[in-house]
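Keep the viewer open as you read.

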Amino acid sequence: MRIPTLVGTAAAVLLTSTLGAAATTPAVRSTWYDHLRKPAYQPPRQVFPVVWPALYADIAIVSASAIDRLRDSGQAGEQRAYQGALAGNLALNAGWSWLFFNRRRFGAATLLSAILTVSSADLARRAVSVDKARAVPLVLYPLWCAFATVLSGHISVLNRRRR
């Protein structure tokens, strides 16, 4: 993997993280989020600042490796398709935070999370097809997104009358 490619994927992931945090942080620090009804299986608050940076690091590293391998093997079309899938996925990722925490649109956020899960699974599939061994960590991303979809949907149901 080339450093310039890693810098590019890391910058894209950092932008996504920053945009998501801009929507999430004020809501999580307010009493609004504390007063939401949440299912018993929701992880403790301290889990999220551990899981997301690890997932973002996986996305940046695995994607940089996949992009360079595609470039090196002369698969420019597949390289561009991967980069487009990555950009779309990161836009969906940041968008979920804005829908859920900023706009408080739980149903729409759940739908977007489901789309993000599919997009994340596609990204992982693309990476695994390029390099199975290096791409394995990225498989955790769609699994976490699927869990987030279930959690978002359950929060939506539990708080239907609170909006």
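Does S17 count as buried, partly exposed or exposed? S17 counts as partly exposed, because its relative accessibility is 26%. The classes are buried under 20% relative accessible area, exposed over 50% and partly exposed in between, with a 1.4 Å probe and protein chains only.

This is a predicted model, in which local features need pLDDT of at least 70, side-chain atom pairs count only at pLDDT 80 or more, and totals for chains, interfaces and linings use all residues. Residues are numbered from 1 along each chain as its sequence is written, and side-chain values use heavy atoms, with hydrogens and water left out.

Start with α1. S17 lies in this helix. Helices here are DSSP runs of H or I with at least four residues, strands are runs of E with at least two, and both are numbered from the N terminus. UniProt, in an unreviewed entry, places the feature "signal peptide" at residues 1-23. UniProt positions follow the numbering used here, feature names are shortened, and annotations may be inferred rather than shown by experiment. In the model, residues 1-23 are 91% helix and 0% strand. The end C-alpha atoms of that span lie 32 Å apart.

Now bring in α4. Helix α1 (residues 3-29) packs against helix α4 (residues 76-102) at an angle of about 5°, and the axes are 8 Å apart. Axes are lines fitted to C-alpha atoms, for helices over the stretch in contact, and angles run from 0 to 180 degrees between N-to-C directions. The two helices are therefore roughly parallel. That label covers angles under 35 degrees; over 145 is roughly antiparallel, 65 to 115 roughly perpendicular, and the rest oblique. The residues of this contact divide into twelve nonpolar, seven polar and no charged. Here Ala, Val, Leu, Ile, Met, Phe, Trp, Tyr, Cys and Pro count as nonpolar, Asp, Glu, Lys and Arg as charged, and the others, Gly among them, as polar.

S97 counts as buried, at 9% relative accessibility. Leaving out residues up to four places away in sequence, S97 touches G20, A23, T24 and N102. Contact means heavy atoms within 4.5 Å.

The largest nonpolar core has 23 residues, and I59, Y82, L138 and Y141 have the most contacts inside it. Such a core is a set of buried Ala, Val, Leu, Ile, Met, Phe, Trp, Tyr and Cys residues joined through side-chain atoms within 4.5 Å. Helices α3 (48-72), α4, α5 (106-130) and α7 (140-158) each supply at least two of its residues. The largest share, nine residues, comes from α3. Another core lies apart from this one, with 13 residues, including A27, V28, W96 and I155. Beyond four places in sequence, I59 touches V13, L86, L90, L138 and Y141.

Move on to the loop between α4 and α5, where R104 lies. R104 has a positive phi of about 60° although it is not a glycine. Most residues other than glycine have a negative phi. R104 counts as partly exposed, at 33% relative accessibility.

The "transmembrane region" annotation in the unreviewed UniProt entry covers residues 136-158. That stretch is 83% helix and 0% strand, with its end C-alpha atoms 35 Å apart. S156 is found in α7 and counts as buried, at 12% relative accessibility.
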